[in-house]
Amino acid sequence: MDFTKYKDDFTAEATKKGLSKNNIKHCLDYAEVLSSNNVPIIYNPEHLAELVGYKKEYLKKAALHTSYFYRDFEITKKNRTKRPISEPLPSLKEIQIWILENILEKVSVSPFAKAYKAKTRLMENLKFHKKQPKVFTLDLENFFPSIKMELVEKVFLELGYSKMVSNLLAKLCTRDNGLPQGAPTSPYLSNLVFKEADGIIADFCKKRKIRYTRYADDLSFSGDFDEDELLEKVVETIKNLNLRLNKSKTKLMTPDKQQTVTGIVVNDKPQVTFKKRNALRQAMYYIKKFGLDEHRVFKEIKQKNYLEHLLGKINFVLQINPKDTEFIEYKTWLIDLKKKEDLKIKKAMPQLA
């Protein structure tokens, strides 16, 4: 934004409306801070409503009666436990996307944060930890819901927004005093809230030649270090954010063991774990030998998009190791099978008509 032009235009318009010189100066001082931070100038709730395209009354209702603006459901995680998801209704989601694209994404996150960033691949979190004497991984418990509204409000305050505007923006991005799993703003906000902690942990690690990265709620460290000293520092740092570790997921891995970072083996070169690769090998063996339909019946697979799901898992293996000839062959074979399945469905269509 050309702030000089904004200043001239604002002064001319405000003078016409009868604002005093002191009021104009106060507004422009406020606006200049926001402009310098490359975020939209928002003076009050009415102004925000105008920018996002919704009535002020709607914003207030969404901020005060948040639960009515979400749809709750659960998804099954890999370990068979349930993850609660709070998905905002389309109108609130649209407002959150505006906040994400126009405000949050204008702010840089820590270079040590490797998730929820545009043009950042999973490999960036793995390459630092290959062939290390120790790999130490920690997991933040209940990450999104534990990040309280007060910390979210602080993100907006530090950009220069007024207390009133910051409070409203924070309420539009939180639910039940935490970040909701399912809101488009939650991932990026988690990175911004954790930015200072990332810096403190990284400074501690640099002095001890420890490699550090964070992928969402997974903290990974590698090198030769005193893990007890490191653990104490991390616990002390995250306590200030009202966060704690999931102790059951704390892992120390030496080269004689399988060293994994976010579920990927990093001992020699990044590779999906043997267990997952072997499960895909078995599935491919049975599909090739008995056919897709027979395999699904025998394994009691009811998933409608199973073929696409399997192809997605193989693509993930190839994302980590693009030169894996075994899985390149599986991918080619499945793509051919999918074409045949699609053709069968297409031929059956006239019979159904």
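## Helix H10

In helix H10, the residues Ser-186, Pro-187, Tyr-188, Leu-189, Ser-190, Asn-191, Leu-192 and Val-193 are buried, where buried means under 20% relative accessible area with a 1.4 Å probe and protein chains only. Because eight of the eight residues of H10 are buried, this helix is largely enclosed by the rest of the structure. Its cover includes helix H5 (90-102), helix H7 (143-146), H8, helix H9 (163-173), H11 and strand S4 (211-215), with contact taken as heavy atoms within 4.5 Å.

## Basis of the model

This is a predicted model, in which local features need pLDDT of at least 70 and side-chain atom pairs count only at pLDDT 80 or more, while totals for chains, interfaces and linings use all residues. Residues are numbered from 1 along each chain as its sequence is written, and side-chain values use heavy atoms, leaving out hydrogens and water.

## The second largest pocket

The second largest pocket holds about 420 Å³ of space. Of the 17 residues lining this pocket, Lys-154, Glu-158, Leu-192, Val-193 and Glu-196 are the closest to its centre. Helix H8 (149-159), helix H10 (186-193) and helix H11 (195-207) each supply at least two lining residues, and the largest share, six residues, comes from H8.

## Gln-132

Gln-132 lies in the loop between helix H6 (123-126) and strand S3 (134-139), and is buried, with a relative accessible area of 13%. A polar atom of the Gln-132 side chain lies 3.1 Å from the backbone oxygen of Lys-130. Leaving aside residues up to four places away in sequence, Gln-132 touches Arg-211, Ser-222, Gly-223, Pro-255 and Gln-259.

Notes: 1 Å grid on protein atoms, 1.4 Å probe; cavity = no way out; pocket = protein on both sides within 12 Å on 5 of 7 lines; lining within 4 Å. Points joined across faces, edges and corners; volume = space filled by probe spheres on them. Helix = DSSP H or I, 4+ residues; strand = E, 2+ residues; numbered from the N terminus. Buried < 20%, exposed > 50% of the residue type's maximum accessible area, 1.4 Å probe, protein only. Polar contact = N/O pair within 3.5 Å; in protein donor to acceptor, adjacent residues only side chain to side chain.
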